[in-house]
Amino acid sequence: MKTLQPILFIRNRSNSLFIRLIVGFLCIILLLASLIIYSISVSKQNVRQEIVKYNTLMLENTSESYEKHLDLVKKQMVLFFFSEEVQRLQNTPNYVNFPLLVREISGFAANPYLFIDNIVFYSKKNELVLEKGTSTNAESMFNVFYASDKYPLDFWKKQFEEPYTSRILPSTPVTNSIFQNQPQRLGEMMPIIIKNKDDFYMVVFLDAMKMYQALHRSIYNDFVIYNESGEILFKSAEHEPGISFDDLQKYGSKDFIRDNKYHFVMTGQGTGYKYLYRVPVERIANQSRLSITLIVSMAAAISLSIIFSFLFTARINNPLKRVIESLRQMNDNVPYRSNIKEFNIISDEIHGNHMIRKQLSFINHLKAIRYHEHEAWKLDFANKPFVFVLFQIQPYHRNSISKSSIEQWLYYMKTYIDSRLVPTYPDSLTFQIERDQILSLVFTDQMTVIADVLGEMKSVFNHDREYGIVTIAITSIYTDSAQLTAAYEEVQELVGERLLINETQIIRKRAVTQMAVGFSPDQDKEFEVHLREGNTQQLIALMERLFARWHSKELTAAVMLRFAESLIDKIKNATIPYHLDPIRLEIILDKAGERILQCSTLRELELLLLDWVTQTSEAVREKKEEKYPVTSFVIDYINEHLAEEIYLDILAEKLKMSSGYLSSYFKAKTGKNIVDYINETRITKATSLLTDNQIKIHDAAKAVGYQNMTSFNRMFKKYTGTTPSEYRKRMDITN
């Protein structure tokens with residue numbers, strides 16, 4: 001037992017978290033120290049190469065960034081140049097349209113990621129210039145507002161005669177000379193010219209220094225860009241002597257040392273531009289002589305690490321609960337920032353998870369879904385007015401629009417909504433609660449202000465109608481977080497008030513009354529009879545009469561879609577007796593629900609329903625017209641003996657088969673039993689007789705085999721929906 005006591009003591013001590021952490025820290029420190037010393041001894045000869053590689057990669061990244069950015073700006077500006085508003089300015093300039101173009105130009109200039117300082121449209125016809133500030137003439141623009149020694153007014157006039165369609169010019173300092181004694185320097189501008197005619201072009205002024213500071217990050221300011229002709233497009237350090245393009249060509253794309261400077265060269269893949277970055281050779285040499293200092297620093301760091309390991313381990317026994325609480329107390333809106341990169345990564349992950357939980361909790365709160373309290377995100381407020389704005393998106397699913405384009409459009413929609421609401425309402429929240437629904441919580445009681453914001457959004461959304469239709473619903477004003485669910489229910493009801501029109505709609509209140517849409521009892525019977533008979537033209541006329549009445553009414557999409565869905569059921573029920581090929585009916589009504597939802601206008605819905613009715617009617621008629629010897633004999637016999645009593649047994653005897661088999665066979669081939677077919681044939685014949693006012697009703701009844709007027713009236717109303725006398729009155733009115 002005494003022998004085991006030291007072993008048990010060591011084992012118990014080794015199970016201590018304190019001992020394990022100390023041993024772990026010391027092992028890590030020892031391992032790191034060994035690796036660092038080894039790395040320093042091995043890397044001493046390779047530091048220079050690594051620094052060169054780093055600068056090469058940095059220049060490669062810079063060149064790729066420039067290439068992508070110039071390509072992006074050029075593509076966007078070409079699209080803008082050939083937009084409807086700009087082409088209208090080019091062909092028929094109108095001062096009324098100038099504010100719209102000025103706003104678009106200001107939008108591009110306000111985007112900090114495009115580095116566009118201004119966009120100028122220059123028309124040769126009347127020397128008209130339009131830019132982000134206002135409209136002016138060419139002399140004021142290029143001699144006063146955007147004056148430069150390199151590009152005077154004569155230069156810009158000469159560009160009308162140049163044979164290119166687009167060109168990037170070397171950067172040059174630009175000044176505003178409104179006050180001649182104190183000209184204002186606007187910065188280093190790199191102009192891009194885009195044109196398609198000899199009397200009109202567009203100039204995009206890129207802020208070259210801002211673009212350089214964003215795309216090329218270096219501690220040494222010596223960067224040059226040459227175009228394919230050898231001109232210097234941009235030079236970051238004016239005081240540094242440059243290297244001629246011919247000398248640069250001698251070295252090709254290889255790095256080289258010249259004039260005590262290390263030259264890093266990269267050629268752009270898209271433009272063919274050459275990017276040159278120069279670093280003094282002594283700077284690279286100094287960086288490679290840090291080995292001794294690094295070793296001393298690492299020795300001190302190892303010593304301090306051992307000391308801090310003991311101190312940290314001594315305090316590591318704080319309750320885990322305090323650690324969790326410290327994480328939970330992080331700022332909800334902004335992740336905690338630290339000067340430690342790893343902690344920032346952890347903080348971002350925690351903040352991201354927190355935002356996901358926040359969104360899930362918010363949606364659960366809206367939809368009144370119960371959830372665990374410890375997972376809830378509480379949105380408690382009182383006396384704080386708010387409204388809900390719901391963006392219902394109905395994308396088009398056409399062959400010309402890919403699924404990825406639709407998804408990208410939906411993403412841009414969410415981003416755009418955020419960008420428009422947050423500047424005016426900083427505490428607003430926007431979530432994509434469904435694939436086709438984006439919901440914004442906006443704290444405001446100024447309905448006119450938010451109405452103006454939504455009006456601007458509407459005009460933007462209307463430009464994207466090729467991708468789909470957006471419906472915007474805005475609730476009344478609420479004041480308490482307890483009303484969130486009620487507000488959500490209201491906005492969902494409001495969005496159902498969307499009309500079937502091809503434009504963005506803003507819905508603020510529900511309609512007081514809504515017109516009933518559907519068949520009247522007589523129309524319902526008429527529809528069923530014509531569909532069963534395969535009377536295509538009569539069906540089309542009936543549908544067109546209905547839609548002619550509805551086109552002048554403001555019918556909501558929900559009402560019309562319900563009618564369309566009910567019509568599908570009517571078509572299916574009416575065709576059951578005819579045993580239509582289920583595959584054919586399935587082809588006719590393929591994805592009926594989706595196709596109904598994709599209708600953006602009342603006319604599109606009308607054409608879709610007419611197509612279904614027409615195809616179904618044709619299928620029914622083809623089914624009825626199928627010829628079989630037995631059924632043909634029965635049909636011919638019935639038509640020849642219509643005024644007589646017709647018995648099933650007599651028909652069966654003539655065909656040498658049992659009456660039960662004949663009845664089953666006839667129904668299988670025609671979809672009707674013999675008795676119903678006899679009655680339908682008689683009533684059809686009677687309707688044609690009643691068109692002649694010289695024939696009395698009881699004579700018409702006898703002529704088709706009805707000796708009892710009560711039976712005739714009952715059957716006539718069953719198959720036509722009206723009595724014989726009412727039918728004759730209608731025919732008289734029609735005629």
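Predicted model: local features only at pLDDT ≥ 70, side-chain atom pairs only at ≥ 80, totals over all residues.

Guide: Residues are numbered from 1 along each chain as its sequence is written, and side-chain values use heavy atoms, with hydrogens and water left out.

Visitor: Why is the pair of Phe121 and Phe200 called stacked?

Guide: Rings of Phe, Tyr and Trp (its six-membered ring) pair if their centres lie within 6.5 Å; planes under 30 degrees apart count as stacked, over 60 as edge-to-face and the rest as tilted. The centres of Phe121 and Phe200 are 6.0 Å apart and the planes stand at 15°, so the pair is stacked. Phe121 belongs to strand β1 and Phe200 to strand β7, 79 residues apart.

Visitor: What makes Phe121 count as buried or exposed?

Guide: Buried means under 20% relative accessible area, exposed over 50%, and partly exposed in between (1.4 Å probe, protein chains only). Phe121 has 1% relative accessibility, so buried is the word. Phe200, at 2%, counts as buried too.

Visitor: How do you know that Lys261 and Asp222 form a salt bridge?

Guide: The rule asks for a side-chain nitrogen of Lys or Arg within 4 Å of a carboxyl oxygen of Asp or Glu. For Lys261 and Asp222 the N to O distance is 3.2 Å, and a salt bridge it is. Lys261 lies in strand β11 and Asp222 in the loop between α8 and β8, so the pair ties together parts that are 39 residues apart in sequence. Lys261 is buried at 13%, and Asp222 is buried at 1%.

Visitor: And what is the state of the partners in the Glu188 and Arg185 salt bridge?

Guide: Their closest N and O atoms are 3.7 Å apart. Glu188, at 8%, counts as buried, while Arg185 is exposed at 54%.

Visitor: Why does the charged end of Lys195 count as sitting over the ring of Tyr164?

Guide: That label needs NZ of Lys or CZ of Arg within 6 Å of the ring centre and within 35 degrees of the ring normal. The charged end of Lys195 is 4.6 Å from the centre of the Tyr164 ring. Arg682 sits over Tyr706 in this way, at 5.6 Å.

Key
Helix = DSSP H or I, 4+ residues; strand = E, 2+ residues; numbered from the N terminus.
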